[in-house]
Amino acid sequence: MKAGRCFGQAVAVLAAFAVARSFGLLGPAVISVSLLTAALALIAWSAGATRADLGLARADMRAGLLYGAGAFGAVLLVLVVAAVIPATNGFLHDSRAQIDGGRLLYKLVTILLLTAIPEEFAFRGVLLGSALRLWGPWRASLVTSALFGFWHIAPTLHTMSDNRELAGVAAYTGGQLLLVLGSVAVTFAAGLVFCWLRLRSRSLIAPVMAHVATNGLALTVAWFAVH
């Protein structure tokens, strides 16, 4: 596997996508995300990456499901506890959860297909797979998790006013900077956890399930909190 070329090209494609997204230059999400995933798959294939490099080996699926189920249950427990504690319940009152049940189901499907799977393929598949060959597990996890944190800057700027607990802070430039830095830190930490799941299970299924849990379960619990 030509790891250096794979990693560099993947970072360049993701950076170009992030810039285009921040300026609103991308079309419908289903098309843009599909093209991004196809481009990353082509990069990995041309660099000689194996299914195991990308966390897609069939032999590792069972371990991926087991670790993923454990992560899913842990996230659910944390969110339910947060929902019943008055001090943290307010953070679940997000305007994005003010939707009907059908719209909630649609959003959960898009989280799986347009967020969790493509992002995990990009960061814990192509990037981590090539970075492991370049630097080993610890440095690879740190570098790809930092990139994962930076990847969430634009989405944070776009949605920071949707949460009633954070809207006041987001009204000021200093508050926006603080929220962005906090988002980068949180997603960096999440990236490290996702890397650990990928390395322990050797399967991309585990971080995909954890990613769905952190996004989809958070929205679901917020939906119940709002309603």
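Modeller: From the N terminus on, the elements of the chain run α-α-α-α-α-α-α-α-α-α. Keep in mind that this is a predicted model.

Biologist: How many helices and strands does the chain come to?
Modeller: Ten helices and zero strands.

Biologist: And what share of the residues is buried?
Modeller: Of the 227 residues, 40% count as buried.

Biologist: What about contacts along the chain? How many join residues at least 24 apart?
Modeller: Take the contacts between residues at least 6 apart in sequence. Of those, 80% join residues at least 24 apart.

Biologist: Let's turn to helix 3. What should it span, and what does the model give?
Modeller: Helix 3 has 24 residues, so at 1.5 Å a residue it should span 34 Å. Its end C-alpha atoms are 35 Å apart, which agrees.

Biologist: Which residues of helix 3 are buried?
Modeller: G64, G68, A71, V75, L79 and A82 are buried there.

Biologist: Which residues form the nonpolar patch on the surface?
Modeller: L76, L77, V80, V81, V84 and I85. Together they have about 500 Å² of accessible area.

Biologist: Where does I85 lie?
Modeller: I85 is in the loop between helix 3 (61-84) and helix 4 (86-89).

Biologist: New topic. How many aromatic pairs does the structure hold?
Modeller: Seven. One of them is F7 with W135, an edge-to-face pair. The centres are 5.2 Å apart, with 80 degrees between the planes.

Biologist: Which parts of the chain does that pair link?
Modeller: Distant ones. F7 sits in helix 1 and W135 in helix 5, 128 residues apart.

Biologist: Are those two buried or partly exposed?
Modeller: F7 counts as buried, because its relative accessibility is 11%. W135 is partly exposed, at 31%.

Biologist: What's the story with F123 and W151?
Modeller: They also form an edge-to-face pair, 5.6 Å centre to centre and 65 degrees between the planes. F123 is in helix 5 and W151 in helix 6, 28 residues apart. Both are buried.

Biologist: Which aromatic cluster has F123 in it?
Modeller: One cluster is formed by F17, F123, F148, W151 and F194.

Biologist: Last one. What is the phi of R202?
Modeller: It is positive, about 65 degrees, although R202 is not a glycine. R202 is in the loop between helix 9 (173-201) and helix 10 (205-226). With a relative accessible area of 46%, R202 is partly exposed.

Terms used:
Residues are numbered from 1 along each chain as its sequence is written. This is a predicted model: local features need pLDDT of at least 70, side-chain atom pairs count only at pLDDT 80 or more; totals for chains, interfaces and linings use all residues. Side-chain values use heavy atoms; hydrogens and water are left out. Helices (H or I, at least four residues) and strands (E, at least two) are DSSP runs, numbered from the N terminus. Buried means under 20% relative accessible area, exposed over 50%, partly exposed in between (1.4 Å probe, protein chains only). Contact means heavy atoms within 4.5 Å. Patches are made of residues with over 30% relative accessible area and no salt bridge: like charges are joined within 9 Å, nonpolar side chains (Val, Leu, Ile, Met, Phe, Trp, Tyr) within 5 Å. Accessible areas come from the Shrake-Rupley method with a 1.4 Å probe; for residues, only the protein chains shown count as cover. A salt bridge is a side-chain nitrogen of Lys or Arg within 4 Å of a carboxyl oxygen of Asp or Glu. The expected span of a helix is 1.5 Å times one less than its number of residues. Rings of Phe, Tyr and Trp (its six-membered ring) pair if their centres lie within 6.5 Å; planes under 30 degrees apart count as stacked, over 60 as edge-to-face and the rest as tilted.
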